[in-house]
Each structure stands twice: as structure tokens, then as C-alpha cells.
Amino acid sequence: MTVAHGALWTLRLAAAGVFPLLRELRDLSGAAAEAMRAAQRSRLSALLLHAAGQVPYYRSVLADAGVVDGGAVHLDAFERLPLLDKPTIRSRFEDLTSTDAARRRPHTNTSGGSTGEPLRFLQDEATDRWKTATKLLFDGWTGYRRGEPFAILWGASRDLSDTSLRTRIGSSLRNELALNAYLMPESVMDAYLAKLDAFKPRLILAYAQSIYQLALHAQRRGHALTPPRAVMTSATNLEPEMRTTIERVFGAPVFDRYGSREVGDIACVNGDGGCLVVSPLTHYLEVVDEDGRVVPDGTPGELVVTLLSNYSMPLIRYRIGDAGTMGPPSGSSQWPRLTQVLGRVTDIFYTASGDQVYGGYFTRLFYGKSWVAQFQVVQESYAHIVVRVVPRGAVDGNLIDAERLSVTRAVRDAMGADCRVDFLVVDAIEVGPTGKRRYTMSKVGPPR
């Protein structure tokens, strides 16, 4: 049935007008760096002109920054634009809506709300077409072809609980197996392994932490899976140890993908051995310091993104909430490279003196520890860290005492010798509304 599924899904995509956009993306994939930059700058300039003329919020903002003046766009002044954050979108929703949005057939979408109140925003049909084209491009980089068996291990309830006829038809056309990552006790993971064995997906799309958890479970069970062509991870940060384990257990390469509901898929590994490749026709990505100034390649900072396809509610220099680093193009593509995603901005821990410690430092303390089922590290204050650990079955108290001392030393090495460390053994750690479990979280910002 793979051929039939592929043909039917192709007809639906063609009717939606997706393939011309996919061709644009593919044509630009092999372009020289200057051609790529010119195409991206052209799309950015067009969006800014539209925002200056049709979006009340941006009329004064773009003029005050000197970005749009007298119908001319000055991209050299782009960094002067203030960053757009979630509170501004909530309070200025109407002013951020384009005056011609109605003709673009907009619809309301919301963020997952994994770090707080969900954010409401507008998207339109053109945005949806570009989002689909980008997904198809990224899926193609894994070697996956339309109609092949496709499994998704996801946690967003809205995606998995939608039982409308349209959704069910789409799932059938895509030849898709959906598995809920929200709760995964051992009995459920056993069932998932059996379903994957029977379905034999060619591509698995999953929350990084969930497919890692399933891989560890399969490893403990000694369960040999039929290898898919690839595993694509997303939604949560992929650490090196997680990638290694997933690739070993599933017998397939991992293609990490990065994006969000507000702006869609931004970047993906393309298989050339490099880092995440940013889609330049759909996104303009920057790494900035606390003042909104772009930092040099390789320097960690906050990720801000401009979505180039949404004219109903332009998100320009939007604070997506993550930290990372960028680097120059490399490998087989001249597209921009996102060299590292360091996690949520709220995953950055601060000492009282202003030193930064990224969440990955703490997660690595628990990799390879078979007695740990779940863990979470939370910064309550500059000198107070709470570590919660869910043990896997019965664990000897002497082992826990030894681990408590080891983790406490490691935390104090990073946060200071006077840091209070509460090491708590608990029964469970709650997941967020989208099924994501935060490994690390800081409740403080940088000291002033």
C-alpha cells in the first residue's frame, strides 16, 4: 500500500499548492552563499515593507529604528528593532494583526504552553503551505519518501486527540502510526515496541526525551527492533548521549529538528555530518546578547527568529525562548548553520556573580546511570539547587547516598561551594501540558 498512500498524499499536497514552494527550497539548497543570502534578504525586505504598511504595531517601530523609511528598507538597521516577546503579543494582539489579514484566511493557533500560559497568535494559509513544504524538505533529507510507513511519538494532546474526519483521513494518507508520549510506564513502552515491530516504520518522529526513554527500555529488555531508515528528534533538547543511545538501539541515524508552534520548523540536520541547517526562505535566525545585539559565530546567546511567511501577524525578531550558537555554512549546503541548541533560556542557571551554567551540565550528571528512571534539576535561587530523582525500582540506600554526594559536589563545582543542594528521591516528576518533562529549570535571571 506504500505506493497508493504516496500517490494519494501527493494529490492532496498538490491541491494545497505545496509543491512550488518545495521546489523553491530544493532549488536554493545547492545555491552559492551569495544567492542564498540574496533570496533571504529579498523575503525579509518584503515582509518588513508589508509590516510597515499594514501592521499598526510595526508602523512606528520600523520607522523609529530606521529600518523602513519612505518605502525603502535598510537592513543594516535591522538590529535596532526591539525584540518581540510573548507579553507584547498578548497585550498588542490587535495592533500586531495585519489590516489585510482577512483576505489571507487566517486562523488562530496557540503555543504548547510548556513553560507557562499558552500564547495565542494568527497564522494563515500561506504560512501553512510553507510549513508543510519545509517539513517535506526536512523529511526528504532523512531518505524518507511519501507514503512509506511513518511513526510519531508525540506528547501534544491537541495533535493526538484530534479525531476529526479530516485528521483521520490525513493520518491514513500519510500511512501514520501515532503513539502518545505523554505517559510511558513500562507496560505502555512494551506495547509501543510491539506496535513498531508490526508497523515497521521507515521514519520515526519523536520527542527527543521520549524516544531516548523508549530506547533505554528496549535496551533493558534486550529487544531488537527492525531498524527504520531514520529517527527524527524534536521538541526537546537532544544531548550527545541521547543521540548515541537512540542510534545504537534503533540501528538508524538520528536527524535532529528544531522549531516551535509559533514559527514552525526552523532547522534540521541534513545528513552531511554538520549541524542543524536553517531554512533561509522561511526563517531569519539570530543569536543575540541581553541588549538584542547579534553576537559573533560560536558565542552563546538568545535565539530570536523572524518568520518570513506569515503576513497576517508578522513575528519579527521574536524571542522564541531558547539559547544557542550559530556558525558559518559548512558541508554540502551554504545555508546558515545552527551549531548548538543549548535549551530554554530558563535552562540557563546563574551564579550570584553572573556566571552562566547551561542546563546540559546538569543533565550529563545522570547519563549512563541505570538506577535513575527520571530526574530534574531546578534552581530556586542563586545559592539553592533542588535535584529530584525517580529511582528505577528498589535501589540500595548506600548507592543513593553515594550519588547524593557525587551530584552535590558537581553542582557546587559549577554554582559555588556555598550552594545549598537538596537531593530528593521522589515517586514521579510531572510533565508539562504538552507531554514534555523539563530536565532543568531556573527560576532566577541574571543578577543586576
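Trainee: How many residues apart are Phe138 and Trp141 in helix α6?

Mentor: Phe138 and Trp141 are three residues apart in helix α6 (residues 125-141), so about one helical turn separates them. Helices are DSSP runs of H or I with at least four residues, strands are runs of E with at least two, and both are numbered from the N terminus. This is a predicted model, in which local features need pLDDT of at least 70 and side-chain atom pairs count only at pLDDT 80 or more, while totals for chains, interfaces and linings use all residues. Residues are numbered from 1 along each chain as its sequence is written, and side-chain values use heavy atoms, with hydrogens and water left out.

Trainee: How many aromatic pairs does the whole structure have?

Mentor: A search of the whole structure finds eleven. One of them joins Phe138 and Trp141, a tilted pair with 5.1 Å centre to centre and 40° between the planes. Rings of Phe, Tyr and Trp (its six-membered ring) pair if their centres lie within 6.5 Å; planes under 30 degrees apart are stacked, over 60 edge-to-face, and the rest tilted.

Trainee: Why does the pair of Phe366 and Phe375 count as stacked?

Mentor: The ring centres of Phe366 and Phe375 are 4.4 Å apart and their planes lie at 15°, so the pair is stacked. Phe366 and Phe375 are both buried. Buried means under 20% relative accessible area, exposed over 50%, and partly exposed in between (1.4 Å probe, protein chains only).

Trainee: Now Glu286: is it buried or exposed?

Mentor: Glu286 is buried, with a relative accessible area of 4%. Glu286 belongs to strand β12 (residues 283-288).

Trainee: Which side chain makes a polar contact with the side chain of Glu286?

Mentor: That of Arg317, at 3.0 Å. A polar contact is a pair of N or O atoms within 3.5 Å; within protein, one must be able to donate a hydrogen and the other to accept it, and residues adjacent in sequence count only if both atoms are side-chain atoms.

Trainee: A new topic: which strands does β19 pair with?

Mentor: Strand β18 (residues 372-381) pairs with β19 in the antiparallel sense over eight bridges, and a hairpin of two residues joins β18 to β19. Strand β20 (residues 420-425) runs parallel to β19, with six bridges between them. Two strands pair if DSSP finds at least two bridges between them.

Trainee: Why is β19 described as largely enclosed?

Mentor: Six of the eight residues of β19 (residues 384-391) are buried, so the rest of the structure largely encloses this strand.
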